[in-house]
Amino acid sequence: MPSRFRTLVGSWFGLVTLMIWVVGTPAHAQLPTTELHWLFPAGAKAGSTVDLRVGGGNQEEATQLVFSHPGIRAAIKTAPVNEFLPEPVPQFGQFTVTVADDVPAGIYDVWLVGRFGVSNVKSFMVSHWEELVDDGSNHSLQQAREVTVGTVVNGILDARQLDYYRVHLPAGARLLVDCWAQRLDSRANATLVLFDSRGRELARNLDYAGYDPFLDFTAPAEGDYVIAVYDFYFAGGNDFFYRLAFHQGPHVDSVFPIAGLAGTETTFEILGRGLPGGNAAEQWVLDGISLEKSALRVVLPKEQIGSQVFTRLLPSAASVEQIALPVPGTVPVGVGISPVPVVLEQEPNSQAEQAQMLHIPCEVNGRFYPELDTDWFQFEAKKGDRYIIEVISQRITGTTDPFILIQRVTTDAQGNVSATIVAEVDDPPNRANFIGRTFDYLTDDPEYEFVVPEDGMYRILVRDQAEPHAKDPRRVYRLQIRPPMPDFRVYGCPEQVKVDNNNQVRFASLVLRRQDVCWMKVVVDRRDGFRGEVTIEAQGLPEGVHCRPVILDSNQSEAWLAFEASAQAAPWVGPIAVTGRALIEGQEVTRPLQPASIVWGTGNVQQERPEFRLTRQLYLSVIGDMAPAAVVAGEDQVYETSLGGTVEIPVKLLRRDDFKEALKFTAQNIPNELKPADINIAADASEATLKVAVTNNNAKPGVYTFYLRADSKSKLVRHPEAVARIEQQLKQIAERIAAFEEELKQAAAAVEQAAAAQKAAAEKIMQAEQAVTLLEKMVAEAKAAAEQAAAQAQKAREASAGQPDDAALAEAATTAQKEADQAARRHAELEKQLSEARGALTEARRIEEQARADQERAAQARKNLEETLKRANEAKAALDKQAADIRKANQPGNVNVAILSAPIRLRIHPSPLALRLPDAPQRTARGQSVSVPVRVERRFGFAGAVELAVQLPQGTQGLKVENVTLPADQQEANLVIETAAEAPAGQIPLTIQAKAKFNNFNVQSDGNLVLEIVP
């Protein structure tokens, strides 16, 4: 890995360029695909549930997160139901993630799925520690956040800021602080600093694992200690997320050996800190600290194809056979599987005279340790033997740059030893052509095919050129010396076909629109001289999606694999498989594709390199959009012709209704000597013919896979679902507002009705009060009259009683009594009327009170409705603004599109002629002749004359053969072979040649025939 110093200037310029590019991604007028730039938090504890946010480009309708472990699941969050929009509203970009308690600690892949399909990959880490999410309020020593040992903090670095954490440690306590950032696909180039409580720096670290730092600290005294983390370039933002683990172990630094023989039980030594059952390993020192060691015994599988991804691996690691070694309590580490026995480097071997003796074939596992270490090995070999000498180091460490020197060692008669250089091997010959490319799967590890020139002793020097002064036991290597094992591996990575310029690398994933084609670059890594044809095929595709197999000829290592979706293909997302198939030594073998994904793109590869890594799975998605146009070039078949021939392939353009552009299609990925003329399809046309004429004298036979491409513009509505959804929401809120307005009218009417009722009740109270007042007066008068009449009646009775015989007094008493009774009745009647009047008054007052309450309630209801209507109108105004923004953002706009065909496969034969000769030897006697029937099959439209001739073995005498010209209308002829009397007896192999001109191209086809001459 390059040092920070060497990348500082480039990183500053690249960071500015990349930030501009990322911010401007939506403005790039291309057909969009979902991009996942970051997720936060980037991990969780097993058995927990966390809220997670994502960010990136083209994330409309992003409703799914897909993880590589089935025990990690995500559900999109929704907003609560409100009074105006009854349906829950998805909160795009926010998820609730649940991690099952049986998910092992480790790093897993995650993809985001949205309207524009499945995204590129990112990492998600599962731990067994407690987890915290930093709130960003700890940018000073005084604001340091309290944490405890056994905790992981999830944070995001802000530009020009440090995040501080405080931990209390007893005297002598050991604290390990591990920062995970680059290893989780973060942009952060983190640095760790440890202070005491007074702010004095006690420790600092950077670049422990890639750009990720690590601290191992033992407290000199009890107290509070503060750890700060920041970006080395003081950059920041959501892309600069990190996980900071505060713990006391276990922590693995290295495993040795780093490989074992396939199918054997192997003991691996674990070097690290806080290892369960670990013992001191004082001879192994890293950053001035002695490590511990423990052992783990594992049975390795008999065969392992490719790398089981267990952490962030560079594309070059795809060629290394590895499995995940489960170390309890930690993220799994990788160990290799070797096809030959493994031996360990034995020190001292730093001098040529100390070379360690090897018995080949074998693999040596060694370390570039301590600093300036060089290792020598020697072995005996026999002349003519062939061996592959290969170093595997940079692919597994990411930091070394091995070099090997091969010498032949001889000893003269006097015992003097001398060494002659056989080879010096550094990077692969074409390494420089791949550095900075979009998908760099090559390595800095050297490989050499060694053909033993003479019997004897040979010596190999292995050394590191990257950082020879480093004292780091993690700088390991595997030196293999083995016979050639012809084989191949297949790698693949989705790439954007349409970019603004050749220096740009954009996020890419396999996203198919209906009636469209998406592409993935496939690489065949040929090993140990394998040169056979390889057929690349896809499996597990959904209905409506097809992938034509691609054939790579012996001289080809790269191809484009195309996935085609029909117009009826349904939306889908899921993992698919891609395999390579070939014959090796007569046996058919199949190798799975190792997928990779882009981690970070770049606006200019000259200033900032893109980042890629391996992934566990390859995901494909089909979205509901229809491609603007699709070109169908020929059938799903291998077209065939020969040198001199011409192939005509029908081309049909399928247009979306609104796509009326004229297009010019150019053949891509085909050598210039075969490249056909461009074909033009007018705006009102849909068909054309592609003609491939193999008439260039530099054309070569072989299998070619190419495709047609036209660049154009198309109308794109980015997010019609959002428009439809906002329109539906506007409709719903408008309906609610109309309902509120109607209710308000009714409420106003109810207020008026209640006011009228209250007024009527008040009038009745007044009338009742008047009636009560009048009746009270009348009752009083009637009472007085009744009392007076009763008194007079009493006097009249008394008078009559005094003079019982006085009839007049008796009559007067009777009259007075009648008048008194009548007055009493009058009084009672008025009392009754008064009581009824008072009851009526009470009822009138009750009715008036009820009417007043009804009026108040109606008024309050009207006020509430007015307030609700005001809120609804405010909500509608906000929704109107949002709708206007959404409509504006979704106005049809021109986008640049690349319209590509599915691969066209073309096999070019050396000749259009096929000779058919007798299988049995043709017998004749000396001095006689024999007529040999020859049949010539004409293929690929060839109809010209053919000249037949016989090629005699060198030195042959006594034979005479006249050439025969086969006319254009004939397929059969006889070659007459005359033998002289002195012709040698026995069988003579003859070569029959058929020569012709095919479109002015000289073509030839040869066949073998045996002539047997009897005495």
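Author: What follows goes through the pocket and the cavities, then a sheet and a helix pair.

This is a predicted model, in which local features need pLDDT of at least 70 and side-chain atom pairs count only at pLDDT 80 or more, while totals for chains, interfaces and linings use all residues. Residues are numbered from 1 along each chain as its sequence is written, and side-chain values use heavy atoms, with hydrogens and water left out.

Rolling a probe the size of a water molecule over the atoms shows where empty space is left. Here the search runs on a 1 Å grid over the protein atoms alone: a cavity is a set of points where a 1.4 Å probe fits but cannot get out, a pocket is an open set with protein on both sides within 12 Å along at least five of seven lines, and lining residues have an atom within 4 Å of a point. Grid points are joined across faces, edges and corners, and a volume is the space filled by probe spheres set on the points.

The second largest pocket holds about 1,300 Å³ of space. Its lining has 49 residues, and Glu-447, Asp-525, Arg-526, Arg-527 and Asp-528 are the closest to the centre. Sorted by class, that lining has 20 charged, 17 nonpolar and 12 polar residues (Ala, Val, Leu, Ile, Met, Phe, Trp, Tyr, Cys and Pro count as nonpolar, Asp, Glu, Lys and Arg as charged, and the others, Gly among them, as polar). Strands that each supply at least two residues include β25 (333-338), β33 (447-451) and β38 (516-527); strands (E, at least two residues) and helices (H or I, at least four) are DSSP runs, numbered from the N terminus. The most comes from β38, with four residues.

Across the whole structure there are four cavities of 30 Å³ or more. The largest cavity has a volume of about 420 Å³. Of its 25 lining residues, Leu-31, Gln-496, Asp-516, Val-517 and Ala-898 are the closest to the centre. β54 gives the most, with five. The class count for this lining is 15 nonpolar, six polar and four charged.

The second largest cavity has a volume of about 100 Å³. Among its 15 lining residues, Trp-111, Pro-494, Ser-597, Leu-618 and Tyr-619 lie nearest the centre. Two or more residues each come from β8 (117-127), β44 (587-600) and β46 (618-626). Nine of the lining residues are nonpolar, six are polar and none is charged.

Two strands pair if DSSP finds at least two bridges between them. Seven bridges join β49 (646-655) to β52, and one of the bridge pairs is Val-647 with Val-692.

Last, the helix pair. α4 (720-802) and α5 (807-889) pack at about 170 degrees, with axes 3 Å apart; axes are lines fitted to C-alpha atoms, for helices over the stretch in contact, and angles run from 0 to 180 degrees between N-to-C directions. α4 and α5 are therefore roughly antiparallel (over 145 degrees; under 35 is roughly parallel, 65 to 115 roughly perpendicular and the rest oblique).
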